[in-house]
Amino acid sequence: MTVRRQEYFDDSEDPITVDDQTVDPIEEELDFDGDQLELAERNSLRRVVGMSTELSDITEVEYRKLLLERVVLVSVWTTGSQVDADNSLAELKQLAETAGSQVLEGLVQRRRKPDPATYIGSGKVDELREVVVATGADTVICDGELAPAQLRNLEDRVKVKVVDRTALILDIFAQHAKSVEGKAQVELAQLNYLKQRLRGWGGNLSRQAGGRAAAGAGIGGRGPGETKLETDRRRIHHRISQLRTRLREMDSTREAKRAERQRHRVPSIAIVGYTNAGKSSLLNRLTGAGVLVENALFATLDPTTRRSQTPDGRVYTLTDTVGFVRHLPHDLVEAFASTLEESVAADLLVHVVDGSDPDPLGQIAAVRTVLNDIGAGDRAEQLVINKADLASPENLQLLRTHAPDAIVVSARTGAGIDRLKEVIDSRLPRPEVEVRALVPYERGDLLDQVHRSGEFLTTEHTATGTRIVARVHPELAAEFEPYADVENDATR
């Protein structure tokens, strides 16, 4: 792709020190991600080089050739610096390649605000048309959400398909959705986007009979009827209603599981962050979940919840959530509301940021914007800087200055993971009631519940039972009342 932007490379292979641990960038990768069967399935179809039987003289055969979609990227630079504009276009390039296209060229137009008619301005549309013809592109992708009029005007003048950023992200979600719920959520978002952008292509789409009923409709066929657009819009609204009903039914299952965890007072942690920041890799490193890991945007759409334990035996859950991105489409946020509720209900948010990204602070701001939109802005947050083995010292220093309490880790090498576990242990909610009891040995089930959801302060084995001082939740504290340690209370 030819584009006026800066490239970011880090060819250094020197070891990096992370929390007093030396990280070797070329250290052999551990298999903490599991078998990755879903990734193997996704990548199962691969091109085999040297198998072509194409004739050199194509005039003798009907010439057909399968090609990736050839696209030209267009961005309007309204605010920020040149570096910000370059980073935004580079991210759009990653999105386009993830969707399965070949990026040919990128164009950036400097304007105070996008043109309301053509997004980039009338004169620049002619230049864009020249680039499309010269490169042989068949698609133009704009780095913004286009109004229906802008989309129509650009397609009419450029003469190729025009796609905006929202449609591109929706297409990636449609490719990666695996579960029934995920597919329904993506379809709902696509239909909400499409219903405002329906477009007719001539009178042949009309379902109106006209003054004289045609095609033998006869008497009774002269009503106003419906246009094809009206029919499509009505069907879309009907389908949206069906999908919302289905998602509400699916949400009841997740709500039941969440209520069960809350009933047992199991603390929950949601791993949130920018797309491709390494959230799934971190979940695998912490729990051995074996969820899909791929160096691609929006590889994870379906949330995965796994149980883990603190060093003293307390159980908590870790949930891997869908990644965020700058200017995340509102329709997607609405469609994935039930999935994003895991973040709203979490006791702690582990906010993962890619330390090797050219603009990590922009990632943090974008994620916090989405968290505020879904009502999770007030949740307790622990910032985690991932990919320390790839990050430059300048980036790490910038992030540490911005967030002194952040933890620097590498999910690939395991550096900093022990420190992260310690911080998670210290920030989990503590049981609020202190009990002192002499528990008979036949009531070992009570001690097991303390292990799972409470916290032992002291234990002492006696001839008649186990004398404990522990912190537990009010519901569990009531079960210890028959075994209250009166002697221990008297000596306090």
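**Close-up views of a predicted model**

**Figure 1. The largest cavity has a volume of about 50 Å³.** A cavity is a set of points, on a 1 Å grid over the protein atoms alone, where a 1.4 Å probe fits but cannot get out; points are joined across faces, edges and corners, and the volume is the space filled by probe spheres set on them. This is a predicted model, in which local features need pLDDT of at least 70 and side-chain atom pairs count only at pLDDT 80 or more, while totals for chains, interfaces and linings use all residues. Residues are numbered from 1 along each chain as its sequence is written, and side-chain values use heavy atoms, with hydrogens and water left out. The structure holds 1 cavity of 30 Å³ or more. Phe173, Val322, Gly323, Phe324, Leu328, Leu332, Val333, Phe336 and Leu340 line the largest cavity (lining residues have an atom within 4 Å of a point). This lining has 8 nonpolar residues, 1 polar residue and no charged residues. In this count Ala, Val, Leu, Ile, Met, Phe, Trp, Tyr, Cys and Pro are nonpolar, Asp, Glu, Lys and Arg are charged, and the others, Gly among them, are polar.

**Figure 2. The largest nonpolar core has 51 residues.** Such a core is a set of buried Ala, Val, Leu, Ile, Met, Phe, Trp, Tyr and Cys residues joined through side-chain atoms within 4.5 Å. Buried stands for under 20% relative accessible area, exposed for over 50%, and partly exposed for values in between (1.4 Å probe, protein chains only). Leu73, Ile141, Phe173, Phe298, Phe324, Leu332 and Leu371 have the most contacts inside the core. At least two core residues come from each of β4 (69-77), α2 (82-98), α5 (165-176), α6 (180-194), α7 (228-263), β8 (268-273), α9 (330-335) and α11 (360-373). Helices (H or I, at least four residues) and strands (E, at least two) are DSSP runs, numbered from the N terminus. The largest share, 6 residues, is supplied by α6. Domain 1 (68-173) and domain 2 (266-425) each give the core at least three residues; the bounds come from an automatic or database domain assignment. In soluble globular proteins, nonpolar side chains tend to be buried together.

**Figure 3. Phe173 lines the largest cavity and is among the residues with the most contacts inside the largest core.** Not counting residues up to four places away in sequence, Phe173 touches Val186, Phe298, Leu301, Val322, Leu332 and Phe336. A contact is a pair of heavy atoms within 4.5 Å.

**Figure 4. Gln185 and Asn192 are two residues of helix α6.** Gln185 counts as buried because its relative accessibility is 1%. Along the chain Gln185 and Arg244 are 59 residues apart, and their C-alpha atoms are separated by 8.7 Å. Asn192 has a relative accessible area of 6% and is therefore buried. The contacts of Asn192, leaving out residues up to four places away in sequence, are Ile240, Arg244, Asp331 and Glu334.

**Figure 5. Helix α8 (residues 279-287) is mostly covered, with 8 of its 9 residues buried.** The buried residues are Lys279, Ser280, Ser281, Leu282, Leu283, Asn284, Arg285 and Leu286. They pack against β8, β9 (304-309), β10 (315-320), β11 (348-354), β12 (381-386) and α13 (417-427). Gly288, with a positive phi near 65°, follows α8.

**Figure 6. Asn276 and Lys387 each have a positive phi without being glycine.** Asn276 sits in the loop between β8 and α8, and its phi is near 65°. Asn276 counts as buried because its relative accessibility is 19%. Lys387 belongs to the loop between β12 and α12 (393-402), and its phi is about 60°. With a relative accessible area of 17%, Lys387 is also buried.

**Figure 7. Ala99 lies in the loop between α2 and β5 (101-110).** Ala99 counts as buried because its relative accessibility is 18%. Beyond its neighbours within four places in sequence, Ala99 is in contact with Leu168, Asp171, Ile172 and Gln175. Ala99 and Leu168 are 69 residues apart in sequence and 7.2 Å apart in space, C-alpha to C-alpha.

**Figure 8. The whole chain has 16 helices and 16 strands.** Of its 492 residues, 47% are buried. Among contacts in the chain with a separation of 6 or more, 71% join residues 24 or more positions apart.

Methods:
On a 1 Å grid over the protein atoms alone, a cavity is a set of points where a 1.4 Å probe fits but cannot get out, and a pocket is an open set with protein on both sides within 12 Å along at least five of seven lines; lining residues have an atom within 4 Å of a point.
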